[in-house]
Amino acid sequence: MILTPGTAAPDFTLPEAPGQMITLSKISSPVVLIFYPADWSPVCGDELSIFQAAGPLFEAHGAQLLGISVDGVWCHSAFKADRKLNFPLLADFNPRGETAKSYGVFRDDDGITERALFVLDQAHTITWSHLSPIGVNPGADGALRALEALS
Amino acid sequence: MSQSESRLSVPVSANDHAIGPENAALTVVEYGDYQCPYCGQAFPIVQALQRAFADSLRLVFRNLPLADMHPHAEQAAEIAEAVGLQGKFWEMHDLLYENQRDLEAKALLGYAKRAGANVDEVVAALESGEPRTRVQHDLEGAIRSGANGTPTFFVNGERYDGSWAYEPFADYLSTMLN
C-alpha cells in the first residue's frame, strides 16, 4: 500500500551519480518525490519534462524535486543529459527497489516502481501522495497544489 | 482510460487563439510546443478533426514550450504570439508546424513575413516582452491544469488521456457529441 498523508517519510540514501549520494534527511526543505517506472519510456520522459518545465513554480516554494526509479546511475546520467533535466534522478538500484518498497510503490511482478508522487513538508512528513495508472502521466498540478497548501 | 481528474484551470476566454464557432459543442484546447515532434505529428490529425467535426468543434491553441529539451521552442512560441498581435496567429501557427525542421531565428522571421505580418512590428513586439509574458502565462496554466506532456489536449475542460491518433480521438469526440 502506498504511504498516505500524515506518515513520516522513510529516510533513504541513494546515488544520483557515480559516487554522489543524496540523503533525504540532509535536505532541509519540502521535497517532491517523483517515482517513475523507467528511464527512456516515452510516458516517463514526458512526465519528467513537465516537472522540469514547472521547475520555477516548485522553486518558488523552496521545494526540492527528486526523481526515483530502479535504473542505475549511468542510465540516469544519459537520460538526464538527453532530456535536459536539472533535478536529481536517484538510482534505487541496489538493493533493487528498496526505497520504493519502503514507500509502498514497488511492483513485485515486474520489478519496477509504480508511477507515484509524494509531497513532503519541511519536516518530511508526507502531506500528499498519488498513485497513477502505470501508463498515465499524472502531470504536476496535484503536487503543486499540495505544496501550495503547505504555506 | 481517457478522462482524468485534471481539469483546465484557465477557462477559454476572448484572449485565447480560437478557431471554430464560439458555441461549438466541443472545445478542444491544445497545449503544444512548436519544436516537439509529437505536436508535429498531431498537427495534421487536428486539422483532419477540424474538417470532420466542422461546426461542432472549436480549437484553442496555448503554449507549453519544453524549452530545456527544445532550444527553439520558446522563441517560436513568442514569435507566434508576436505575429498574433497582428491578427495572423493561425497562419503563423500552421507555418511553424509545417516547417518544424527549421526554427532558427532567421527562418522564424521569414515565416512571420509569409504569415502576412509586418516584421518590424514583430521585432518590436518581441522586444516589448509582451509575447514572453503570454507564453509564461500559458505555461503556468498548463502546469496547473495537469498538462502531462506535449501535446496535451483538454476536451470541454477535461484532460484527454487517450490516444490522439485520428481514429481513437475522433471516436472520443463523437461520443462526447452524443
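**Core, chain B fold and the A–B contact**

The largest nonpolar core counts 89 residues, and those with the most contacts inside it are Val32(A), Leu33(A), Ile34(A) and Val83(B). Helix H2 of chain B, residues 73-84, gives the most to this core, putting in seven residues. All of this comes from a predicted model. Setting aside residues up to four places away in sequence, Val83(B) touches Lys88(B), Phe89(B), Met92(B), Ala112(B), Ala115(B), Ala117(B) and Val122(B). Two of these names, Phe89(B) and Met92(B), turn up again among the buried residues of helix H3 of chain B.

As for the overall build of chain B, there are seven helices and six strands. Read along the sequence, they come in the pattern β-β-β-α-β-α-α-α-α-α-β-β-α. The C-alpha trace of chain B spans about 50 × 30 × 30 Å along its principal axes. A compact globule of 178 residues would have a radius of gyration near 16 Å, and chain B, at 16 Å, agrees with that. Buried residues account for 46% of the 178 residues in chain B. Take the contacts in chain B between residues at least 6 apart in sequence: 76% of them join residues at least 24 apart.

Even so, H1(B) has a kink of about 30° at Phe43(B), shortly before the proline Pro44(B). Phe43(B) is also one of the buried residues of H1(B), along with Cys39(B), Ala42(B), Val46(B), Leu49(B) and Phe53(B). The cover over the buried residues of H1(B) includes strand E3 (26-32), E4, H3 and helix H7 (166-177) of chain B. Just after H1(B) comes Ala54(B), with a positive phi of about 35°.

Helix H3 of chain B, residues 89-98, has Phe89(B), Met92(B), His93(B), Leu95(B), Leu96(B) and Tyr97(B) as its buried residues. They pack against strand E2 (17-19), helix H1 (37-53), strand E4 (57-63), H2 and helix H4 (105-114) of chain B.

Over in helix H5 of chain B, residues 119-128, sits Glu121(B). This glutamate is partly exposed, because 14 other C-beta atoms lie within 10 Å.

Turning to where the chains meet, the contact takes 18 residues from chain A and 16 residues from chain B. On the chain A side, helix H1 (42-53) and helix H5 (141-148) each supply at least two residues. The largest share of that side, six residues, comes from H1(A). By class, the side of chain A that touches chain B is made up of nine nonpolar, four polar and five charged residues.

Helix H5 of chain A is also the place of Glu148(A). Glu148(A) counts as partly exposed, because there are 13 C-beta neighbours inside 10 Å. Glu148(A) and His61(A) are 87 residues apart along the chain, yet their C-alpha atoms are separated by 7.4 Å.

Definitions and conventions: Residues are numbered from 1 along each chain as its sequence is written. Chains are lettered from A and ligands numbered from 1 in the order in which they are written. This is a predicted model: local features need pLDDT of at least 70, side-chain atom pairs count only at pLDDT 80 or more; totals for chains, interfaces and linings use all residues. Two residues are in contact if their C-beta atoms, placed from the backbone, lie within 7 Å. Helices (H or I, at least four residues) and strands (E, at least two) are DSSP runs, numbered from the N terminus. Ala, Val, Leu, Ile, Met, Phe, Trp, Tyr, Cys and Pro count as nonpolar, Asp, Glu, Lys and Arg as charged, and the others, Gly among them, as polar. A nonpolar core is a set of buried Ala, Val, Leu, Ile, Met, Phe, Trp, Tyr and Cys residues joined through C-beta atoms within 7 Å. A residue is buried if 20 or more other C-beta atoms lie within 10 Å of its own, exposed if 12 or fewer, and partly exposed in between; C-beta atoms are placed from the backbone. The radius of gyration is taken over C-alpha atoms; the globule rule is 2.2 Å times the number of residues to the power 0.38. The bend at a residue is the angle between axes fitted to the seven residues ending there and the seven starting there.
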